[in-house]
Amino acid sequence: MSDSTTKSDAKSDAGPPDRAGVITAAVALATCGGLVLYGVLSGGGEEKKKPTVPTASVTYEVTGTGTADITYQARSESGKATVVRGAALPWRRTVPVPLGRSPVVSIVLGEKGGQARCAVAVRGRHLQSATASGDFGRATCTGTLPGPPPGSSTAEGVAVG
């Protein structure tokens with residue numbers, strides 16, 4: 001009999017769940033859920049609006065036949081170039097380039113060679129062109145944009161020359 005008494009004593013020691021513990025867990029769960037919902041509805045708070053940099057409209061053009069690898073400067077304020085591998089020619093892009101950055105487009109022909117011409121224009125005004133020919137022929141076209149006007153770090157679309 002002592003064995004059965006010990007078993008029932010052990011069961012009665014566990015008892016019903018502690019209400020204060022259940023309430024605390026429910027409050028903590030509701031708080032976490034509320035914070036997650038707030039983060040979703042408010043956009044996560046991770047997207048802080050970056051100040052805009054004045055830009056100029058730059059047109060890059062590559063004419064010819066076949067394909068070429070094209071590298072060009074676009075809106076990236078860090079100076080990181082955009083690369084298009086095996087672009088079908090003719091190819092053309094008009095992009096905003098931050099003032100103070102040099103608009104540049106480089107072309108590299110494939111092993112079959114051929115001939116292609118690159119050109120750079122700022123706000124419709126031609127700046128430079130160059131021609132690549134032969135196997136893995138290369139050409140680079142560049143221009144110069146003025147630096148941003150003093151105190152206008154938040155201006156957008158400033159007209160350049």
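# Legends to the close-up views

**View A. Phenylalanine 136 lies in the loop between strand 7 and strand 8.** The model shown here and in the other views is a predicted one. The backbone of phenylalanine 136 has a phi near 55°, a positive value in a residue other than glycine. The loop between strand 7 (125-133) and strand 8 also holds aspartate 135. Is aspartate 135 buried or exposed? Aspartate 135 is exposed, because its relative accessible area of 56% exceeds the 50% limit. Leaving aside residues up to four places away in sequence, aspartate 135 touches Gly110, Glu111, Lys112 and Gly113. From aspartate 135 to valine 108 the C-alpha to C-alpha distance is 9.1 Å, across a separation of 27 residues in sequence.

View B. Read from the N terminus, the order of elements is α-α-β-β-β-β-β-β-β-β. The chain has 161 residues, of which 24% are buried. Of the contacts between residues at least 6 apart in sequence, 60% connect residues at least 24 apart. The accessible surface amounts to about 10700 Å², and carbon and sulfur atoms account for 56% of that surface.

**View C. An open sheet is formed by four strands in the order 4-1-6-7.** The pairing in this sheet is antiparallel. Which strands form the edges? Strand 4 and strand 7 are the edge strands, each of them pairing on one side only. From one strand to the next, the twist averages 20°. Strand 1 and strand 6 run antiparallel and are joined by seven bridges. Across this pair, tyrosine 60 stands opposite valine 120 of strand 6.

**View D. The largest nonpolar core contains 25 residues.** The members that touch the most other members are Tyr60, Val62, Ile70, Tyr72, Trp91, Val105 and Ile107. Two or more residues of this core come from each of strand 1 (55-64), strand 2 (67-72), strand 4 (91-98), strand 5 (104-109), strand 6 (115-122) and strand 8 (138-142). In soluble globular proteins, nonpolar side chains tend to be buried together.

**View F. Glutamate 61 and arginine 92 form one of the two salt bridges found in the whole structure.** The closest N and O atoms of this pair are 3.7 Å apart. Glutamate 61 belongs to strand 1 and arginine 92 to strand 4, and the pair links distant parts of the chain, 31 residues apart. Glutamate 61 counts as partly exposed, because its relative accessibility is 28%.

**View G. Aspartate 69 and arginine 85 form a salt bridge.** Here the closest N and O atoms lie 3.8 Å apart. Aspartate 69 is in strand 2 and arginine 85 in strand 3, so the pair ties together parts that are 16 residues apart in sequence.

**View H. A cis peptide bond joins leucine 89 and proline 90.** The omega angle of this bond is about 0°. Proline 90 is placed in the loop between strand 3 (82-88) and strand 4.

**View I. Arginine 123 occupies the loop between strand 6 and strand 7.** Although arginine 123 is not a glycine, its phi is positive, at about 50°. With a relative accessibility of 45%, arginine 123 counts as partly exposed, because that class runs between 20% and 50%.

Conventions:
Residues are numbered from 1 along each chain as its sequence is written. This is a predicted model: local features need pLDDT of at least 70, side-chain atom pairs count only at pLDDT 80 or more; totals for chains, interfaces and linings use all residues. Side-chain values use heavy atoms; hydrogens and water are left out. A nonpolar core is a set of buried Ala, Val, Leu, Ile, Met, Phe, Trp, Tyr and Cys residues joined through side-chain atoms within 4.5 Å. Buried means under 20% relative accessible area, exposed over 50%, partly exposed in between (1.4 Å probe, protein chains only). Contact means heavy atoms within 4.5 Å. Accessible areas come from the Shrake-Rupley method with a 1.4 Å probe; for residues, only the protein chains shown count as cover. Two strands pair if DSSP finds at least two bridges between them. Axes are lines fitted to C-alpha atoms, for helices over the stretch in contact, and angles run from 0 to 180 degrees between N-to-C directions. A salt bridge is a side-chain nitrogen of Lys or Arg within 4 Å of a carboxyl oxygen of Asp or Glu.
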